[in-house]
Amino acid sequence: MKKVIAIIHIPEVFEGHPEMWETFLWQQDCAHRQGLKVTLIVPYDIFRNPSWAERLKAYEREFGDEIGLEFGLNGELQKKFGARDSFYHLPLSKRWEVIRFLFEEFRRAFGRYPTTVASIQMDAPTLKFIKEEYPKVEAAIATCFEEGVNVYHGCTPAWFNFNEGGPWWPWLPSKYNSLAPAANPEENIGIVGIPWLNRDMIQSFDSRNDWYSSELGDLLRSKSVSEGDMSYLYNFINQWLEQARYNRGFSFYTMLQESSWLDSRKPPIYDEPYYVARKLYEKYLAFLARKRDEDPSVEVMCLTEFAKWFKGSGPGRADQGQQPYVCLWRDIRFASGKQYLWYIDGNLRLTIDMNRGGSIVDLRPYVAKVEKFTGIDSPHLYDGSYPYVVQAHHRNHSIYTCWVSSRGFRVPLSSRRTRYSDVSREEGLVRVETEPVLLDLNGLVVRLRTNYVIHSDGTLMVEREIVDSSDRSAQITLEEELTGCWGTTDYPADKRGIKLKLCREGNQELEFSYLGRELEAPNVRWIGAYIPQIDCSLILRPLEEPASGWIEEGYLFKPFFTLKLIKTIAAEKGNKVISNLLLEKGGFPDAR
Amino acid sequence: MQDEKIEEFYRCPYCLAKEVEIGLLFDEKKGEYYCTRCCFVGTKEEVFEGYGRLIPHPEVRH
């Protein structure tokens, strides 16, 4: 059992206000009073000041802190490099210049290169360049989990930095896309990626990830904590540490805080004065220290130390590729009873919403190996998000669920609530069980349970099991339905060229042309969609017994494709319908 | 469209405050409405209380 807490401070001193250094010293004292060591992510304008650099070195010597490098560009660097943009949006060649310059300046200040680096976002080319040029780099704070559409819609200034569809915990960034974990050692860049912050795993999906994070300033902005009530933050920390239960004893909590948030000179973007933030920050660190003192499995680590351990440990296993993580999150912000189950490995990421009968509301096919980088010389510009193939919030109709019908009554499981009942793990798979959903189908009362078995090769097995029935002789029809699309935002991407197929004797196929066509056939081997834009196939296959298949291409006003397996069974206890959802790179299995 | 008979249909007051229209679902077992988009949960009265807070109707002063 190892529950890791990482505390990260970024000293921020605005130009012309050197007195802000004192706030950083206060912040450091606050952590050290609690016996907490800190990873210091230091920008150029701080470590170029010799007396400040000396102070940072003293922290390393006396308290075991670690000094890392932050890739921010101050006014001087912007002028020097002729660049006003964020580091992660610079053209790649310019980025290499900045990295080389900052690494050399860092070495001049501290006598060594950094082994931890940080930027709100770092794409695969950037991480690869850093690892090749500076092989001793172990850790990179390289993503802001789920920063994208929701933040963009909600914040006052424009915030053009999209990196949705990635990991929420430490991961092994892959060479083709830093947001996708490496599925095998060949894909592994060799740096451990760390998210900027931990997030509320319901609010960051439903709402703004930047409002609901482990950073105190964010929680003040969203009115989630106040001087009189810190309970949300304490529940948040506890829930993160509890994730060890589902992850073979491992959990990770990182708290990053820029010192300017605790300073009177920061333009207030929350409504409390800085001294309230300071008071709450002291309480925050005291709570983390208490967790360490009360629970022997909690360990406070700096990032390089953590990354070295992680690569050789069970959760990291750099020699085998990214191991699966699960996050089971219950709503602690609004106490609604809502639960999301998140799963990630090197082949896929998915989100199951228990409020929607255990339906899949987000699916990212890492197996497709979508290459992407950001910046002004990238075709994707600011949009680094990994594409979805199911996304129920950005794209509303898109969901993977099951329709149930009998006696002339038809209802989707997504309109019923459930809760998870068990999450268990075996080598190479995670099994998620949900509580049965009660359905009244014109007098036929049925309890139906959904279970998922998620294999780490990009395959899902979905079981719908009848747990109870008021009439065992009745027939019940289950329609396993995936309403899919692809994209990264809430606008539809071009679907022309997507192929839909019913695989059986005498295959039937459609090429997506927005004509709203449908095809249906009995006894299919599988049905599928191939999305050439991301070179990804989704195959839905009945297991055990044949089923009918149905495909629909959608139209411009409702641009989704639908795959459906239809099966009628007796409404008898223990009867099951089992389907396989396979994600694959490339075209349909028999067409390659 | 599902085949259930729809007698009452309310929109989520939290989402409505953000000018987003999401129909609430009803949990018969718990006797409460809930939103599939956000974390709103409440009785019919609480739904209408939420609506009431959306647009103030101050008395017109002459």
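Predicted model: local features only at pLDDT ≥ 70, side-chain atom pairs only at ≥ 80, totals over all residues.
Q: What pattern does chain B follow along its sequence?
A: Chain B has two helices and three strands. Of its 62 residues, 27% count as buried. Read along the sequence, the pattern is α-β-β-β-α.

Q: What is the mean pLDDT of chain B?
A: In chain B, 84% of the residues reach a pLDDT of 70 or more. For chain B, the mean is 87.

Q: How many residues of chain A are in contact with chain B?
A: Chain B puts 11 residues into this contact. By class, that side of chain B has five nonpolar, two polar and four charged residues. On the chain A side, the number in contact is 18.

Q: How far apart do the C-alpha centres of domain 1 and domain 2 of chain A lie?
A: Over in chain A, the domain assignment gives domain 1 (2-317) and domain 2 (347-591). Their C-alpha centres lie apart by 36 Å.

Q: Which elements give two or more residues to the side of domain 1 of chain A that touches domain 2 of chain A?
A: The contact takes 28 residues from domain 1 of chain A and 28 residues from domain 2 of chain A. By class, the domain 1 side has 16 nonpolar, eight polar and four charged residues. The elements giving two or more residues to it are helix 6 (124-133) and helix 8 (203-206) of chain A.

Q: Which residues touch the most other members of the largest nonpolar core?
A: That core has 163 residues. It draws at least three residues from each of domain 1 (2-317) and domain 2 (347-591) of chain A. A second, separate core has 14 residues, including Leu413(A) and Val437(A). Back in the largest core, the residues touching the most other members are Ile7(A), Ala140(A), Phe306(A), Ile527(A), Leu538(A) and Leu540(A).

Q: Leaving aside neighbours within four places in sequence, which residues is Phe306(A) in contact with?
A: Phe306(A) is one of the residues that touch the most other members of the largest nonpolar core. With neighbours within four places in sequence left aside, its contacts are Val4(A), Ala6(A), Ala139(A) and Met301(A).

Q: Which residue in strand 6 of chain A is the bridge partner of Ala139(A)?
A: Strand 5 (residues 139-143) of chain A runs parallel to strand 6 of chain A, and four bridges join them. In strand 6 of chain A, the partner of Ala139(A) is Val192(A).

Q: Are the residues on the two faces of strand 6 of chain A buried or exposed?
A: One side of strand 6 (residues 192-195) of chain A holds Val192(A) and Ile194(A).

Key: Residues numbered from 1 in each chain as written. Chains lettered and ligands numbered in written order. Buried ≥ 20, exposed ≤ 12 C-beta atoms within 10 Å, placed from the backbone. Pairing = 2+ DSSP bridges. Contact = placed C-beta atoms within 7 Å. Nonpolar A, V, L, I, M, F, W, Y, C, P; charged D, E, K, R; others polar. Domains from an automatic or database assignment. Core = buried A, V, L, I, M, F, W, Y, C linked by C-beta atoms within 7 Å. pLDDT = per-residue confidence, 0-100.
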